[in-house]
Amino acid sequence: MPAPIIVQDIHKKFGTVQALQNISFTVNEGELFGLIGPDGAGKSTLFRILTTLLLADKGQASVTGLDVVKDYKAIRRVVGYMPGRFSLYQDLTVAENLHFFATIFNTTVEANYELIEEIYVQIEPFKKRPAGKLSGGMKQKLALCCALVHKPAVLFLDEPTTGVDPVSRKEFWEMLQRLRKKGIAILVSTPYMDEAMLCDRVALIQNGELLNINPPQAIIRQFSKPLWAVRAKEMYRLIQDLRAFEDTDSCYAFGEHLHLTLKHGRERVDQLQAYLQPKQHEQFSMEPIEAGIEDCFMELMKSHR
Amino acid sequence: MRTIFFLLQKEFLQIFRNRSMLRIILIIPIVQLVILSNAANYEVKDLSIDVVDHDLSSWSRRLTHKLTASGYFRLNRQTFDREDGFRDLQRDQADIVLVIPPHFERDLVREDKVTLQLLVNAINGSKAGLANAYAGSIIRDFNRNIRTEWLALDERNGPPVIAVTFSNWYNTRLDYKIFMVPGILVVLVTMIGAFLSGMNIVKEKEIGTIEQLNVTPIRKHHFILGKLIPFWIVALFELAFGLLVGKLVFSLPMAGSLWLVFLFAAVYLWVMLGMGLLISTFTETQQQAMFIAWFFVIIFMLMSGLFTPVENMPHWAQVITWFNPIAYFVKVIRMVLLKGSGWADIQFFLLVMLGYALVMNGIAIWNYRKTS
């Protein structure tokens with residue numbers, strides 16, 4: 001039994017833009033695989049190739065052992081796809097959309113109700129409402145139901161949580177965790193780095209290239225540099241001063257703090273303090289912290305720029 | 001087959017849910033038929049005429065009477081001054097000015113010959129031509145009567161005259177509406193076929209649902225048939241509805257078999273649906289699709305013989321109409337409804353339509369790609 005998704009050396013070019021190059025990875029059975037990257041990194045292009053909507057220039061890919069070019073018809077039967085843009089019929093009701101997508105896969109909502117039940121009960125109170133009148137989170141839940149209603153072996157979710165409120169986002173990811181336990185391989189893309197921690201493995205994609213494929217904990221472990229959280233009253237002046245310091249490696253704003261790394265690690269912290277002293281920052285604090293997944297991504301993206 | 005059934009079910013659900021669509025389907029035929037058929041009237045009647053009578057004899061008055069009694073002319077002004085008539089012509093108050101010279105009656109008796117002058121406002125060429133022809137024929141008729149009367153001959157002894165009588169076939173009372181209604185029904189059916197189908201397919205692209213549909217077992221032909229068949233049914237329903245309105249409101253004659261009309265419409269619609277499909281394959285938004293469809297439909301419509309006869313067009317334009325599906329349907333529906341043409345008369349046109357339907361849909365399907 002081959003792995004649900006195998007991607008080998010995929011290249012795709014749009015005109016002069018290299019949208020994807022040298023993409024290879026494998027998604028195993030029951031794995032929740034995250035594709036993390038900024039807008040325009042090539043995530044949707046990769047999804048379109050894997051869902052047989054687009055042909056790659058070079059390389060092979062297979063889904064449940066079926067080739068995406070030769071066996072595209074068979075693939076379309078066994079995968080569930082949720083495009084980045086809401087793609088259900090806005091003028092049909094929740095129930096009608098679900099019924100329609102069940103019937104065109106030659107099945108019924110009842111036959112696979114057990115799979116969608118947990119999600120569907122949340123939108124069931126609105127089942128007579130046109131899909132276009134649902135909230136963002138509800139729309140995504142409905143889209144997930146429609147993608148699941150034919151009991152797919154593999155699920156492709158292209159930015160399912162973009163534009164969704166934090167609570168719905170959290171609920172959505174909880175659903176994905178449960179689906180994974182039912183043995184469905186899930187490839188999910190997201191521009192939100194915090195969601196990476198919820199995946200089994202994560203691939204970071206930037207400018208059409210994969211930078212790193214690892215479980216999120218391993219990615220964090222790879223982060224070797226000491227990291228400090230710095231704050232002061234005037235954050236903007238602080239970030240400018242820190243970036244002007246010669247030994248500063250990186251300095252990014254993370255919520256209330258600035259995350260700082262130095263080129264020589266802990267060696268020159270004293271020099272930094274001496275440098276900042278005359279600048280007289282009020283309420284200054286600087287504490288060493290553990291790196292989070294976001295620090296790792298910033299670091300990876302910086303080194304590949 | 002099952003898939004097509006589910007697609008059709010979905011399409012009809014969407015069509016009937018769309019309130020404006022329902023209005024389009026039910027109200028447009030009535031409005032189009034009632035307004036257009038009454039307004040688009042090319043009969044030339046009530047031409048206003050100025051008579052500049054310098055003679056004022058009994059014969060000149062008889063001529064004036066004969067003109068105004070014909071029903072084609074309405075006396076606008078009777079005057080002695082030629083300038084008055086000319087001014088009315090310039091102010092667009094008179095369509096035609098008849099100038100009767102002094103001594104009209106005397107010269108006719110004495111010299112056996114007299115000249116009348118007709119001034120015709122020829123801004124609208126066809127109207128001017130008709131006005132001229134009507135006036136000419138009335139004057140000729142007058143001339144003949146006067147002569148037989150003057151020479152005191154009875155009909156049998158007179159000089160040989162060819163008397164022409166006529167009767168109008170297929171539209172005995174020359175009712176323009178009866179001529180227009182079938183043509184307008186064609187326009188109606190065309191709009192649904194060419195516009196709605198194409199726009200509906202593009203809509204799926206525009207709102208992104210095609211992306212979702214493409215990753216399903218739906219096949220190319222399922223999708224296309226699922227899109228075209230609903231509008232085919234709606235358009236045929238429209239035709240039936242329009243014929244009913246035509247019958248009730250205009251007493252539209254139905255000399256031939258209605259089955260033939262529907263058979264032809266069924267084939268014709270595939271040409272128009274194919275056109276809509278073709279347009280949808282190279283447009284991304286409903287707006288683009290609408291404009292392109294509009295461009296072709298307007299050209300086809302104006303060159304279809306709906307308003308102006310194809311036979312009046314220059315030869316090159318007539319050649320173009322051989323490729324104009326609307327022209328065929330306008331011709332056939334009039335032939336069948338007004339003239340009672342049968343299968344033998346229309347089978348050639350039906351064959352041509354069938355050919356176009358195959359070609360149009362062939363190109364459209366070839367151009368339609370499920371994967372980009």
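**A close look at one strand**

Modeller: Happy to! W228(A) stands opposite P288(A) in β14(A). This is a predicted model, where local features need pLDDT of at least 70 and side-chain atom pairs count only at pLDDT 80 or more, while totals for chains, interfaces and linings use all residues. Residues are numbered from 1 along each chain as its sequence is written, and chains are lettered from A and ligands numbered from 1 in the order in which they are written.

Strands (E, at least two residues) and helices (H or I, at least four) are DSSP runs, numbered from the N terminus. Strand β14 of chain A covers residues 285-289, and its partner is β11(A), residues 227-231. They pair (DSSP must find at least two bridges) in the antiparallel sense, over five bridges. How many of the five residues of β14(A) are buried? The count is zero, so this strand is hardly covered; buried would mean 20 or more other C-beta atoms, placed from the backbone, within 10 Å of a residue's own, whereas 12 or fewer means exposed and anything in between partly exposed.

Now for where chain A meets chain B. Two residues are in contact if their C-beta atoms, placed from the backbone, lie within 7 Å. The contact takes 23 residues from chain A and 20 residues from chain B. On chain A's side, the elements giving two or more residues are α2 (72-78), β6 (79-82) and α3 (94-104). The largest share, four residues, comes from α3(A).
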